[in-house]
Amino acid sequence: MLSATARSYIDASVPVLREHGLAITTTFYSSMFAAHPELTNLFNMGNQANGSQQQSLAAAVFAYAANIDNAEALAPVVSRIVHKHAAVGLTPDHYPIVGEHLLGAIKTVLGDAATPALIDAWGEAYWLLANLLIDEEKKLYAKSGADAGTLTRLRVVKRVQESADIASYYLQTEDELSPGPFLPGQYITVEAQLDKERRQLRQYSLSDSTQQPWWRISVKRETENTGKPEGTVSNWLHTHILEGDFINVSKPFGDLQVDLSAGKPIALLSAGIGITPMLSILNTLRDLGSTRQILFSHGNRRAEQHILQDELEAAKRRLPGLIVERFYQIENALSSGDEVRPSAAWQPFLAEGEFYLCGPAGFMQQQRQYLLDAGVSADRLHREVFGPELLEHLL
């Protein structure tokens with residue numbers, strides 16, 4: 001429990017964090033990487049370059065301060081963070097480093113306003129959260145059967161070019177066996193050894209059924225032409241990793257929980273490369289012979305960017321309760337921008353269906369709001385999110 005003295009300072013910090021949070025986190029990362037350049041191997045330096053990681057941490061610190069007594073609201077955020085930390089191999093030894101530079105950044109940005117009492121309060125609050133994360137990460141490592149940072153060498157037994165900018169990689173052990181169990185919706189971390197000095201870690205959703213004897217990831221190559229910063233690891237995979245090559249990957253992580261045995265309707269809503277975890281869920285339901293009502297609704301800019309459509313057709317033949325919707329912006333099937341708006345097919349799912357969403361931040365925010373407005377309770381909305389939008393419902 002946070003002390004009453006510290007709580008008063010944390011409460012008073014909320015408007016300060018709203019105004020100066022990004023400056024604090026930008027200073028924090030700059031200071032920490034200068035002192036510990038080895039940590040650049042753990043952090044997503046692409047997100048550092050485009051500023052999204054600084055924004056994400058600023059949102060996290062603000063949300064924590066604003067909800068410090070609301071354990072129920074913070075619980076799902078803590079769970080997501082724990083899985084992300086385990087995926088890159090964070091250990092208890094990292095937390096003192098983070099704490100030192102975060103408190104130092106608060107002092108630097110706030111100047112005289114960062115009184116010793118305020119810094120002490122934030123130190124107390126930081127270690128309250130840090131110890132919670134350390135304990136949960138320890139449990140997750142034990143459950144996964146791997147120590148922090150453990151990577152497994154897997155063979156690319158097949159590579160398929162799904163579209164101009166998306167390739168699928170089928171992974172097995174060296175003796176051509178399944179790498180192990182996972183849950184549909186989970187992701188793995190892939191290590192890219194860029195040169196002798198630099199390595200980077202990225203997470204990619206597993207995109208096939210849990211019943212198959214392989215792990216599959218389907219990776220979009222981010223280039224300047226996609227409107228996003230060029231993806232270091234996605235380009236490395238597309239350029240260097242061919243069938244027969246080996247890559248190092250983590251155990252599966254991710255807390256997107258899908259009850260496969262439930263009888264309730266399930267709606268899988270995605271856009272762009274967000275289709276990958278939704279395909280894993282759908283293909284698993286297909287292989288298990290599910291009889292439940294399923295809605296698979298996917299939006300993309302162009303039809304040729306819609307990958308693995310043959311799997312949707314195969315699922316339709318084996319799942320009697322499946323409805324498939326496709327939306328393409330170039331054909332003006334999207335109402336506006338990248339939106340996928342609810343159609344008549346969604347009606348049977350609104351009353352009691354479970355909704356799973358994955359895609360760009362704007363897409364998921366739109367769909368979440370549409371569904372809330374349609375009367376779907378928040379506890380039936382499940383999202384796979386990576387970045388600042390993870391915390392948007394707390395802000």
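1. The model is predicted: local features need pLDDT of at least 70, side-chain atom pairs count only at pLDDT 80 or more, and totals for chains, interfaces and linings use all residues. Residues are numbered from 1 along each chain as its sequence is written, and side-chain values use heavy atoms, with hydrogens and water left out.

2. Helix α1 spans residues 4-35 and helix α5 residues 94-110; their axes come within 8 Å and cross at roughly 125 degrees. Helices here are DSSP runs (H or I, at least four residues), numbered from the N terminus. Axes are lines fitted to C-alpha atoms over the stretch in contact, and angles run from 0 to 180 degrees between N-to-C directions. That angle makes α1 oblique to α5 (under 35 degrees is roughly parallel, over 145 roughly antiparallel, 65 to 115 roughly perpendicular, the rest oblique).

3. The α1 and α5 crossing is right-handed (the near helix is turned clockwise from the far one by less than a right angle). Contact (heavy atoms within 4.5 Å) involves residues including H20, F28 and M32 of α1 and H101, L102 and I106 of α5. By class there are 13 nonpolar, five polar and no charged residues (nonpolar: Ala, Val, Leu, Ile, Met, Phe, Trp, Tyr, Cys, Pro; charged: Asp, Glu, Lys, Arg; polar: the others, Gly among them).

4. α5 also packs with helix α6 (residues 116-144), at about 150 degrees and with axes 10 Å apart. The two are therefore roughly antiparallel, and α5 passes α6 in a right-handed crossing.

5. In this second contact, Y95, G99 and K107 are among the α5 residues, and W122, W127 and E137 among those of α6. The classes are 15 nonpolar, two polar and two charged.
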